[in-house]
Amino acid sequence: MGVRRGGRGPVGAVYGWVRGQSMKAKMALGAFASLLTLAAMWALVHDHNHFFVASEAVHAAGIMVLLYKLIRQRTCSGLSLKFQELTAIFLASRLYCSVIIEKDIHTVLDLLTFLSTLWVIYEMRFKLNSSYTKELDSMPRYYLLIPSVVLAIFVHPFLYRHYCRFLWAFAVYLESLSVLPQLRLMQNAKMVEPFTAHYVFALGIARFLSCAHWIIKVIDAGGSFISGSSSAVFWTPAVLLAEVVQTLILADFCYYYVKSAMLGQLMRLPSAHGLREAMDHVHIRLLQALQESLHLLTITVQQQRL
């Protein structure tokens with residue numbers, strides 16, 4: 001009863017009002033809140049590279065939550081091994097490029113996250129494999145690996161070392177899609193365990209910070225860094241779209257996470273019908289993001305020709 005009485009306060013009243021709105025109104029409110037947060041971050045934080053550092057730090061913190069679960073509870077139920085393996089692949093690619101190009105705080109955070117992810121994979125494969133629900137982890141890895149490789153070949157950044165162009169692009173594309181096996185497993189299981197929910201919610205926060213980093217970077221640079229070969233010209237719209245895709249993929253999960261936390265309940269994902277309806281809205285938002293990216297690309301190319 002204490003949770004319900006608390007829900008009648010200001011926060012509960014706001015949540016109740018938002019809950020009563022239509023899906024279109026919720027999407028508009030979410031977009032407005034995101035833009036407002038983005039504007040505040042742009043105005044208050046002078047060094048906008050801190051957003052990407054914070055994104056990597058939150059991801060590393062999420063991995064620590066997983067390790068705590070594995071060590072204390074000795075179970076990996078609710079976790080997708082395929083997601084962890086895909087995470088290790090894109091982290092290894094990004095870490096290699098970071099060692100060659102940067103050698104800074106990004107390298108340290110990526111190394112920490114990569115080693116922690118390897119530990120999670122080892123625990124799931126050899127120590128706690130009896131609690132791994134393989135039949136629920138049903139999404140094939142090549143569904144995500146092959147498109148990421150193909151995109152990296154045709155659309156990549158202009159970096160100093162030729163081979164790092166493809167590896168970095170591959171890491172960006174794979175990262176934007178890698179969480180799908182985890183979401184599929186949770187949808188198959190219907191119920192989301194608390195530590196798993198905390199971890200995926202941390203990923204959602206990390207993706208928002210990373211997406212904010214790239215958007216603000218484009219705004220600050222005015223698109224002037226879009227140069228190089230024809231594939232490099234497409235790189236900035238492509239990476240923006242990849243960031244937006246992963247942010248939108250995790251947005252619905254974060255909504256249900258916050259909803260469950262406010263009600264003091266175990267997290268449940270929507271029914272199959274509700275999921276299809278939610279995915280329809282996600283597809284609409286993705287198409288809108290794609291149209292905006294293509295519009296930005298068209299303007300940039302026209303400016304370069306002038």
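The model is predicted: local features need pLDDT of at least 70, side-chain atom pairs count only at pLDDT 80 or more, and totals for chains, interfaces and linings use all residues. Residues are numbered from 1 along each chain as its sequence is written, and side-chain values use heavy atoms, with hydrogens and water left out.

**Confidence**

- The mean pLDDT (the predictor's confidence in each residue, from 0 to 100) is 75 for the chain. A score of at least 70 is reached by 63% of the residues.
- Among the elements, helix H5 (residues 81–101) has the highest mean pLDDT, 93. Helix H1 (residues 2–6) has the lowest, 43.
- Residues 1–7 have pLDDT below 50. Beyond near neighbours in sequence, this stretch has five contacts in the model (heavy atoms within 4.5 Å).
- Residues 271–284 also have pLDDT below 50. Here the model has nine contacts beyond near neighbours in sequence.

**Fold and surface**

- The chain has 13 helices and two strands. These are DSSP runs numbered from the N terminus: helices are H or I with at least four residues, strands are E with at least two.
- Of the 306 residues, 44% count as buried. Buried means under 20% relative accessible area, exposed over 50%, and partly exposed in between (1.4 Å probe, protein chains only).
- Of the contacts with a separation of 6 or more, 79% join residues 24 or more positions apart.
- The accessible surface is about 16,200 Å², and carbon and sulfur atoms hold 67% of it. Areas come from the Shrake-Rupley method with a 1.4 Å probe; for residues, only the protein chains shown count as cover.
- A nonpolar surface patch has about 720 Å² of accessible area; Tyr-142, Tyr-143, Ile-146, Val-149, Val-150, Ile-153 and Phe-154 form it. Patch residues have over 30% relative accessible area and no salt bridge; like charges are joined within 9 Å, nonpolar side chains (Val, Leu, Ile, Met, Phe, Trp, Tyr) within 5 Å.
- Tyr-142 lies in helix H7 (residues 142–154). Tyr-142 is partly exposed, at 48% relative accessibility.

**Cysteines**

- The disulfide count is zero, with a disulfide defined as a pair of cysteine sulfur atoms within 2.5 Å.
- The cysteine sulfur closest to that of Cys-97 is in Cys-164, 3.9 Å away, too far for a bond. Cys-97 is buried, at 0% relative accessible area.

- Ser-98 sits in helix H5, buried at 0% relative accessibility. Not counting residues up to four places away in sequence, Ser-98 touches Lys-103, Asp-104, His-106, Thr-107 and Trp-168.
- Ser-55 is in helix H4 (residues 49–73) and is buried at 2% relative accessibility.

**Salt bridges**

- The whole structure has seven salt bridges. Each has a side-chain nitrogen of Lys or Arg within 4 Å of a carboxyl oxygen of Asp or Glu.
- Glu-123 pairs with Arg-74, with the closest N and O atoms 3.4 Å apart. Glu-123 is in helix H6 (residues 105–127) and Arg-74 in the loop between H4 and H5, so the bridge ties together parts 49 residues apart in sequence.
- Glu-85 and Arg-141 form a salt bridge at 2.8 Å, N to O. Glu-85 is in helix H5 and Arg-141 in the loop between H6 and H7, 56 residues apart.
- Glu-243 pairs with Arg-207, with the closest N and O atoms 3.2 Å apart. Glu-243 is buried at 6% relative accessibility, and Arg-207 is buried at 6%.
- A network of salt bridges links Arg-94, Asp-110, Glu-175, Arg-207 and Glu-243.
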